[in-house]
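Please read this note with the model open beside it. Each point takes up one topic and gives the cut-offs for the terms it uses.

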Amino acid sequence: GRNQTQPLPMASTTKVLTACIILEDCDIDKVIKIPAEGVGIEGSSVYLKANEEFSIRDLLYGLMLRSGNDCAVTLALHHSGSIEKFARVMNERAAAMGAEDSYFANPHGLPHPKHHTTARDLAVIAAHAMENPAFCEIVSTKYYEPRGYYNKNKMLANYDGAIGVKTGFTMEAGRCLVTSAERGGMKLVSVVLNSPQMYERSAQLLDTAFENYHMTTLCNREIAIDKCRCLYDFIYPLTAAEEEKIVILTDLVSPLPTIAGEFAGQMKIMLENNLLFSQNLYIME
């Protein structure tokens with residue numbers, strides 16, 4: 001990262017969080033009527049009309065593929081009843097995800113004096129969103145036939161392994177892009193804010209990460225550790241240099257139990273002085 005904690009406006013990449021909240025909290029097959037407040041929003045639009053009926057699923061595709069600000073307002077009003085209340089939910093949910101330096105004032109990212117995030121925070125939010133299969137399905141779709149929506153994100157067509165997620169642009173924020181790509185079982189998220197060459201820069205960041213990091217199995221539940229076993233595999237992305245610095249520590253009870261399956265202690269996987277993972281150990285069968 002570079003300047004990854006600098007607060008910046010983020011334009012329509014805001015909609016990553018909006019979509020995530022809607023998917024987590026709403027029935028996306030529910031059909032709703034478009035309110036008058038959701039019509040005629042400035043900027044990108046799918047040109048909703050008052051009292052039209054759309055499923056929440058359709059509105060999410062309009063939000064993420066066409067960047068519809070009218071979709072964003074309609075979804076926020078359906079969820080919370082007002083933009084202000086939805087913004088409070090956005091800030092609560094972002095904080096819970098670990099986004100520490102962001103403030104959301106609206107669901108679409110149109111300019112607002114307090115609306116900002118950081119590249120790090122937006123990466124954290126996007127990584128959380130990409131854990132949701134429905135979100136992944138939406139943002140990886142190039143063309144949504146039921147409504148005739150084409151995806152604005154050119155990375156899907158031009159970058160090997162790209163699977164999402166969202167473009168953004170305002171004069172204030174500049175060109176912004178959140179990208180996710182997957183190769184060799186490793187899924188990455190990159191974020192660029194106010195980057196004139198957003199596609200090229202995102203490709204460089206992802207290429208560097210794919211070249212230098214590899215998914216590395218650091219513990220395997222099938223392999224004994226001091227006559228004990230763990231319950232979970234742990235696989236982590238590491239560079240070759242980092243892999244040499246991995247230390248696995250065990251803290252076993254004394255005396256060790258003799259009955260299979262009994263608690264035997266704990267293991268910790270360390271990268272230099274950083275704890276990556278810990279779990280309990282049990283006596284082998």
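The points below go from the whole chain to its cores, its strands, its salt bridges and its surface.

1. Basis of the note. This is a predicted model, in which local features need pLDDT of at least 70, side-chain atom pairs count only at pLDDT 80 or more, and totals for chains, interfaces and linings use all residues. Residues are numbered from 1 along each chain as its sequence is written, and side-chain values use heavy atoms, with hydrogens and water left out.

2. Overall build. The protein chain has nine helices and 13 strands. Helices (H or I, at least four residues) and strands (E, at least two) are DSSP runs, numbered from the N terminus. Along its principal axes, the C-alpha trace spans about 70 × 40 × 35 Å. Among contacts with a separation of 6 or more, 56% are between residues 24 or more positions apart; contact means heavy atoms within 4.5 Å.

3. Cover and surface. Of the 285 residues, 48% count as buried. Buried means under 20% relative accessible area, exposed means over 50%, and partly exposed is in between (1.4 Å probe, protein chains only). The accessible surface of the protein chain is about 14500 Å², and carbon and sulfur atoms hold 48% of this area. Such areas come from the Shrake-Rupley method with a 1.4 Å probe; for residues, only the protein chains shown count as cover.

4. The largest core. In soluble globular proteins, nonpolar side chains tend to be buried together. A nonpolar core here is a set of buried Ala, Val, Leu, Ile, Met, Phe, Trp, Tyr and Cys residues joined through side-chain atoms within 4.5 Å. Which residues have the most contacts inside the largest nonpolar core? They are Leu 60, Met 64 and Phe 135, in a core of 52 residues. At least two residues of this core come from each of α1 (15–25), α2 (56–65), α3 (69–80), α4 (83–97), α5 (119–129), α6 (133–139) and β6 (174–183). A second, separate core has 15 residues, including Met 155, Ala 181, Tyr 199 and Leu 206.

5. Helix α2 and Met 64. Nine of the 10 residues of α2 are buried, so the helix is mostly covered. Leu 60 and Met 64 are among these buried residues, as are Asp 58 and Gly 62. Leaving out residues up to four places away in sequence, Met 64 touches residues that include Lys 15, Val 16, Ala 19, Phe 135, Ile 138 and Asn 151. After α2 comes Ser 67, which has a positive phi near 60 degrees.

6. Strand pairing. Two strands pair if DSSP finds at least two bridges between them. β12 and β13 run antiparallel and are joined by eight bridges, with Gln 266 opposite Asn 280 in β13. β13 also pairs with β9 (residues 228–230) in the antiparallel sense, over three bridges; there Cys 230 stands opposite Leu 281. The hairpin of β12 and β13 has two residues between the strands, and Glu 272 in this hairpin takes a positive phi near 55 degrees.

7. Salt bridges. A salt bridge is a side-chain nitrogen of Lys or Arg within 4 Å of a carboxyl oxygen of Asp or Glu. The count comes to nine salt bridges. Glu 272 meets Lys 245 at 3.3 Å, N to O. Glu 272 lies in the loop between β12 and β13 (274–283) and Lys 245 in the loop between α9 (240–243) and β11, so the pair ties together parts that are 27 residues apart in sequence. Asp 160 and Arg 183 form another salt bridge, with their closest N and O atoms 3.9 Å apart. Here Asp 160 is in the loop between α7 (155–158) and β5 (162–170) and Arg 183 is in strand β6, so this pair ties together parts 23 residues apart in sequence.

8. Cover of the charged partners. Is Asp 121 buried or exposed? Asp 121 counts as buried because its relative accessibility is 0%. Its salt-bridge partner is Arg 120, with the closest N and O atoms 3.1 Å apart; Arg 120 is partly exposed, at 31%. Asp 160, in contrast, counts as exposed at 57%. Glu 24, Asp 25 and Arg 93 are linked in a network of salt bridges.

9. A nonpolar patch. Val 253, Leu 256 and Phe 263 form a nonpolar patch on the surface, with about 220 Å² of accessible area together. Patches are made of residues with over 30% relative accessible area and no salt bridge; like charges are joined within 9 Å and nonpolar side chains (Val, Leu, Ile, Met, Phe, Trp, Tyr) within 5 Å. Leu 256 sits in the loop between β11 (246–252) and β12 (263–271) and is partly exposed, with a relative accessible area of 33%.
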